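Subject: Structure for your review

Dear colleague,

Please find below the structure that I am handing over to you. My findings follow it, and I would be grateful if you read them with the model open.

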Amino acid sequence: MHSGIFFAATAYLCWGLFPLYFKALHHIPAMVILPHRMVWSAVFLAVLLLFLRRWNWLRLIVTHKRILMSSLCSALLLCLNWFVYIWAVNTGHIVDASLGYFMNPLVNILIGAIFFHEKLRNGQWLALALAAAGVAWLTLQADALPWIGLTLAFSFAFYGVMRKLAHLGALEGLALESFILFPFALSALCYFGAEGVDYYVNADAADRILLMAGGPI
């Protein structure tokens, strides 16, 4: 429980700081940032796996098609989540994106209770009610359906479900998703280059570093 709280808190702290990073690339379209993030994620994870010599898990994909199908679904959900988040930050919808990650734990709890039959204590129900009230208040204040927040919250929550069904470790699961997305992302970058929309070649050194580091980060 304590390690879970630590990892969750650290993850949300990172997500809270990400807008500072992607805002530095606001002059580059999200549709270009996204494939760069996919490509450099795959490269970084491949190097990391080579360094750690952790490739034995790839045999599971051949013998267990369920792992591959679950990872394919989680990769698509991750792609959707990343794109909406980057787009939201770079178009001035940071509060809407933040609302999505505020709603995400609530959706996770709902899924845990419905699909995995997890039980909540009375104190946890109270905390859930307070958080839900906060979401309802922010939604009323916005006077519009928070589709950005809902998309981020539900895409990442169901991403977690697919990851849980794949039965792979954190590093291995993310690596497989990145490898699945890699050829599509690389094809997109090649297409943009052919169309003369190559922000990487024409960018300055700082932007190139930011695009490349987007994967590991």
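In which sense, left-handed or right-handed, does α5 pass α7? The crossing of α5 with α7 is right-handed. Please bear in mind throughout that this is a predicted model.

The pair α5 and α7

Helix α7 covers residues 147–166, and its axis and that of α5 come within 7 Å and cross at roughly 40 degrees. The arrangement of α5 relative to α7 is therefore oblique, since angles under 35 degrees would count as roughly parallel and those from 65 to 115 as roughly perpendicular. On the α5 side, the residues that meet α7 include Leu99, Tyr101, Met103, Val107, Ile111 and Phe115. Their counterparts in α7 include Ile148, Leu152, Phe156, Ala157 and Val161. Sorted by class, this contact of α5 with α7 holds 16 nonpolar, four polar and one charged residues.

The pair α5 and α6

Helix α5 spans residues 94–115 and helix α6 spans residues 122–142; their axes come within 10 Å, with a crossing angle of roughly 140 degrees. These two helices are therefore also described as oblique to each other, because only angles over 145 degrees count as roughly antiparallel. Here α5 passes α6 in a left-handed crossing. From α5, the residues Leu99, Phe102, Met103, Leu106 and Ile109 take part. They meet Leu128, Ala131, Ala132, Gly134, Val135 and Leu138 of α6. The contact of α5 with α6 comprises ten nonpolar residues, one polar residue and no charged residue.

Asn81 belongs to helix α4, which runs over residues 65–90. Is Asn81 buried or exposed? Its relative accessible area is 1%, so Asn81 is buried, the limit for that term being under 20%. Its side chain makes a polar contact with the side chain of Tyr101, at 2.8 Å. Neighbours within four places in sequence set aside, Asn81 is in contact with Tyr101, Leu152, Ser155 and Phe156. Of these partners, Tyr101 is also listed among the α5 residues that meet α7, while Leu152 and Phe156 are listed on the α7 side.

Gly112 is a residue of α5. With a relative accessibility of 7%, Gly112 counts as buried. Apart from its neighbours within four places in sequence, Gly112 is in contact with His117 and Glu118. Between Gly112 and Ala157 there are 45 residues of separation in sequence and 9.7 Å in space, taken C-alpha to C-alpha.

Pro183 lies in helix α8, residues 170–194. Its relative accessibility of 41% makes Pro183 partly exposed, as this value falls between the limits of 20% and 50%. The C-alpha atoms of Pro183 and Tyr101 are 29 Å apart, and the two residues are separated by 82 residues along the chain.

Two loop residues with positive phi

Where is Arg53 found? Arg53 is in the loop between α2 (30–52) and α3 (58–63). Its phi is near 55 degrees, a positive value in a residue other than glycine. Arg53 counts as exposed, at 75% relative accessibility.

His167 is found in the loop between α7 and α8. Although His167 is not a glycine, it has a positive phi of about 55 degrees. At 61% relative accessibility, His167 counts as exposed.

Yours sincerely,
A colleague

How values were computed:
Residues are numbered from 1 along each chain as its sequence is written. This is a predicted model: local features need pLDDT of at least 70, side-chain atom pairs count only at pLDDT 80 or more; totals for chains, interfaces and linings use all residues. Side-chain values use heavy atoms; hydrogens and water are left out. Axes are lines fitted to C-alpha atoms, for helices over the stretch in contact, and angles run from 0 to 180 degrees between N-to-C directions. Helices (H or I, at least four residues) and strands (E, at least two) are DSSP runs, numbered from the N terminus. A crossing is left-handed if the near helix is turned anticlockwise from the far one by less than a right angle, and right-handed if clockwise. Contact means heavy atoms within 4.5 Å. Ala, Val, Leu, Ile, Met, Phe, Trp, Tyr, Cys and Pro count as nonpolar, Asp, Glu, Lys and Arg as charged, and the others, Gly among them, as polar. Buried means under 20% relative accessible area, exposed over 50%, partly exposed in between (1.4 Å probe, protein chains only). A polar contact is a pair of N or O atoms within 3.5 Å; within protein, one must be able to donate a hydrogen and the other to accept it, and residues adjacent in sequence count only if both atoms are side-chain atoms.
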